[in-house]
Amino acid sequence: MNLRLFAIRMVVLSTAILGVNYILWRWMDSLNWEAWWIAVPLVMAETYSLLDSLLFGLTMWKFRERDKPAPPPDGLTVDVFITTYNEPLYLVMTTARAAKQIDYPHKTWILDDGNRPELRRMAAAEGIGWITRSEDWANRPRHAKAGNLNNALLSTDGEFMLILDADQIPDPRILHHTLGYFNDPRMALVQTPQVFTNVPPHDPLGSQAPLFYGPIQQGKDGWNAAFFCGSNAIIRREALMQLGVMRYVSEVELSLNKALKTAGKVVAKARRELGPGQERLAAALTTVAVDLQGVKRELREGQGIADVTYRFQRRVDALARELVAHDFAALNAELSSIEGLARTVHTDGSLAVVDNAALDRFSQRDWSPLGAIETVRVLIDSVNAEKDGEAQALMPIATISVTEDMATCMRLHALGWQSAYHHEKLADGLAPEDLDSMLTQRLRWAQGTAQVMFRENPLLQKGLSPTQRIMYLGTMWTYLSGFAAVIYLASPVIFLTLGILPVQALSSEFFVRLLPFLIVNQLLFHVVGRGIKTWRGQQYSLAMFPTWIKSVTSAFGNVFLGRDLDFRVTPKTLQKRTTLPWHLIKPQLIAMAVLVLAVLVGIVRMLAGEADTVGTLVNCLWVAFDLLILSVVIEAVRYPGYEAWLAGNSKKAGSERPAGHKKKEVRP
Amino acid sequence: MIEFINDTLANGVGVIRPIGRLNMVSAPHLGANIEALINGGTVRLVVDLAGTDFIDSSGLGALITGLKKSRQAGGDLRLANPTPQITAVLEMTNLNRVLQPVASVEEAY
């Protein structure tokens, strides 16, 4: 253990001890029960924050700076994927050209989800591959970027793939510096940082994530839980395909078991809803239900799902054909009895329409009388092995979340694969340049994370180590901060306006227990960050509380109530605007106004002798801190975009554009 | 290098025999072979694995895709004659729970 890691661990331990000491005292000895309605929420918010801090501490405990990997052997096959949906063509082509220039031998592909003929021509002209969705995807769920990648996976064959967003321009050395990690046959994935070049040093939109693409990923790496972040990562095909095969098996089993479990109910309900004169259909439904009992038995005996379901589907087809044949015969008889129609009857006595081809067609799943009842159709389709509802049977990249990366990575870890975080900038990215796009992007990340938390809770996944579970939980945990933020904003307002204190007294004991914790907690950021600017991140983690709350509630509605997420793709270019978008930060502006008003009321109350002086001063300080945090959104609204900022800056300084910042063409 | 030998049994069942390694390089070829048979009207298929020395997850993936395509065309895809390595991979990935190979091509249908 080196000295730095030792120091980190000492600070982590101190934070944990002081934090637990404070929170235990808060719960047991400090609550103002007369004002429980604010006292309990506040102590819960504080407990939330302490747990957040402990999770961060645990991550840092295994902080790991990897040595450079060995150079990769010659002869590996690599596909470079550039994913695009609607980004401008010049942007995609800039990245594609840079990708083509990567030193290690590889094939470059543009994964064009927009299916743009012009992009196809441009790519072909420069010898770059172009892939769009196959016809299998027509009328089936597209699964956004995950679907785009899954489609490409099945039409390429490299041992490794480098995944790049359309706005991440790769360094030519990116493969040479990372492929060596795969000398370890258990290594599935290597993630490199995402750093943005179109961001001023003061980073008004909080685009750079130096704490995440640094200490946090390095800490997770120590626990073999380095995260996949969707772009700038290299993945081993075998790992993904193995995941795809195993997911296919478990999903087929899952839908089969669900169908078998609910079959009785579904059929009974369908039978009840049948009108009079449908006795034959009712009898057929019963036959299906009885047949499924046999299916259950065969599966228990250990027969293969493919065989069992194939035979079942054949029996259902025969049943449907019988029903249709009977209906046709009845129709025939009726038609024959009508005089004047006799001339359409063939010499053999049958009507022209009732030939075998028609019989076949009407018996097929989509037209069959059994399929006419939606619930029964779904039931019958589930007793199959072909995943007819999906474009591909294999979906190696997870489709359960709008952020496919985290879910995929967690599943790979659960299968026992390893991941690595390589701490070297090997691509130049573009960040959203206006508040609207930024908020859309953060909302999407947060929603995706919440979806994974609700759909595949890491605490319940088999195959993960306890600390891997906690590493995934930790990331999900941070997105719950929106709820705590509201309480932190409300508490001082309640004291300043109503004089109600959620703690029994602002005694010296309170400060003696709280302040040391706050100090070591900040110290921890300094020790792990070593000069990294973490203040922006801290500001945004509180100031974006409306986004975090919306992400959790909308993901909850999506996962459990089947609602739409209202998902938009992040615009990668500056959105045009005429006025400043103040409406985007309405909740924050209201919060700031309320805080300021509360301070005025509080001072008046104090001067009138109605409020305690120490309490008022402490709460005013608290409000000042909240305002300092929230003020970041005002800067964000006023930020004109990188080009305009550069222009404004050089005018002020009367000089050229500041050195060290590569200019990147963002707008057409 | 992989090689595919296709033939059709008297009962109309198409047999595909991948000879060599069925891995990420050859899996797309297997897929193309299966698709060609299905498009030609042969939808009941057997993949005879007797000559297949090695299979990886991409190879398994091609078999699953073939199963889906043949079923969508009203047919089926079955496995025959797995070598010990293939049996082990089928078990490791649980795919044997869905696709259970039979001992010979004749037993497949």
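Two residues are in contact here if their C-beta atoms, placed from the backbone, lie within 7 Å. Under that criterion, and leaving aside neighbours within four places in sequence, A:Ile82 is in contact with A:Val92, A:Thr95, A:Ala96, A:Ala99, A:Trp109, A:Ile110, A:Leu111, A:Leu164 and A:Ala166. The structure is a predicted model, in which local features need pLDDT of at least 70 and side-chain atom pairs count only at pLDDT 80 or more, while totals for chains, interfaces and linings use all residues. Residues are numbered from 1 along each chain as its sequence is written, and chains are lettered from A and ligands numbered from 1 in the order in which they are written.

A nonpolar core is a set of buried Ala, Val, Leu, Ile, Met, Phe, Trp, Tyr and Cys residues joined through C-beta atoms within 7 Å. A residue is buried if 20 or more other C-beta atoms lie within 10 Å of its own, exposed if 12 or fewer, and partly exposed in between, with C-beta atoms placed from the backbone. The largest such core has 172 residues, of which A:Phe81, A:Ile82, A:Ile110, A:Leu162 and A:Ile235 touch the most other members. Helix α8 (residues 237-272) of chain A gives the most to this core, with 14 residues; helices (H or I, at least four residues) and strands (E, at least two) are DSSP runs, numbered from the N terminus. A second, separate core of 14 residues includes A:Val11, A:Phe56, A:Phe517 and A:Val520.

Chain A as a whole has 23 helices and ten strands, and its C-alpha trace spans about 105 × 65 × 55 Å along the principal axes. Of its 668 residues, 41% are buried. Among contacts between residues at least 6 apart in sequence, 81% join residues at least 24 apart.

Three strands of chain A form an open sheet in the order β5-β10-β7, with mixed pairing. The strands β5 (168-170) and β7 (195-196) stand at the edges with a single partner strand each, so one side of each is left without a neighbour in the sheet. Two strands pair if DSSP finds at least two bridges between them. Strand β10 (residues 427-429) pairs with β7(A) in the parallel sense over two bridges, and A:Gly429 in β10(A) is the bridge partner of A:Phe196.

Helix α18 (residues 535-543) of chain A has A:Arg536, A:Tyr540, A:Leu542 and A:Ala543 as its buried residues. They lie on the same side of α18(A) because they cover an arc of only 165° around the axis, the arc being that of the directions from the helix axis to the C-beta atoms. These buried residues pack against α16 (481-498), α19 (545-561), α20 (586-607), α21 (613-630) and α22 (632-638) of chain A.

Two residues of chain A deserve a look at their backbone. A:Asn115, in the loop between β2 (107-112) and α4 (117-125), has a phi near 45°, a positive value in a residue other than glycine. With 10 C-beta neighbours inside 10 Å, A:Asn115 counts as exposed. A:Ala144 lies in helix α5 (residues 144-153) of chain A, and its phi is likewise near 45°.

Chain B meets chain A through 22 of its residues, which are in contact with 24 residues of chain A. Helix α2 (residues 57-72) of chain B gives the most to this side, with ten residues.
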